[in-house]
Amino acid sequence: MRKFFKGLKADWNKIVWSDKKAIIRETAAVIVFSTVLCAFIVGVDTLTQYSVNFISSLIG
């Protein structure tokens, strides 16, 4: 058990933590990408909905 915790501590000390500036930049990139992807999905969904409604109006 002692060996496990020594290994755990050694691995914990190997972790490289990002600085605040990098975290903010990466978070902003994720938010922008998510917003763009969301807008794309909404656009495709809306276009598909109008297309199905148009085809349905022609058939029925």
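Mentor: First, a term: helices (H or I, at least four residues) and strands (E, at least two) are DSSP runs, numbered from the N terminus. Ile55, for example, lies in helix α2. Keep in mind that this is a predicted model: local features need pLDDT of at least 70, side-chain atom pairs count only at pLDDT 80 or more, and totals for chains, interfaces and linings use all residues. Residues are numbered from 1 along each chain as its sequence is written, and side-chain values use heavy atoms, with hydrogens and water left out.

Trainee: How many helices and strands are there in the protein?
Mentor: Two helices and zero strands. Helix α2 covers residues 20-59.

Trainee: And α1, what should its 12 residues span?
Mentor: Helix α1 takes in residues 2-13 and should span 16 Å at 1.5 Å a residue. The rule is 1.5 Å times one less than the number of residues. The end C-alpha atoms of α1 are 17 Å apart, which agrees.

Trainee: What about the overall shape? What is the radius of gyration?
Mentor: The protein has 25 Å, while a compact globule of 60 residues would have a value near 10 Å. The radius is taken over C-alpha atoms, and the globule rule is 2.2 Å times the number of residues to the power 0.38. Along the principal axes, the C-alpha atoms fill a box of roughly 75 × 30 × 10 Å.

Trainee: How far is Ile55 from Leu37?
Mentor: They are 18 residues apart in sequence and 27 Å apart in space, C-alpha to C-alpha. Ile55 counts as partly exposed, at 48% relative accessibility.

Trainee: New topic: how many aromatic pairs does a search find?
Mentor: Two in the whole structure. One of them joins Phe4 and Phe5, with ring centres 5.2 Å apart and planes at 75 degrees.

Trainee: Is Phe4 buried or exposed?
Mentor: Phe4 is exposed, at 53% relative accessible area. Phe5 counts as partly exposed at 47%.

Definitions and conventions. Rings of Phe, Tyr and Trp (its six-membered ring) pair if their centres lie within 6.5 Å; planes under 30 degrees apart count as stacked, over 60 as edge-to-face and the rest as tilted. Buried means under 20% relative accessible area, exposed over 50%, partly exposed in between (1.4 Å probe, protein chains only).
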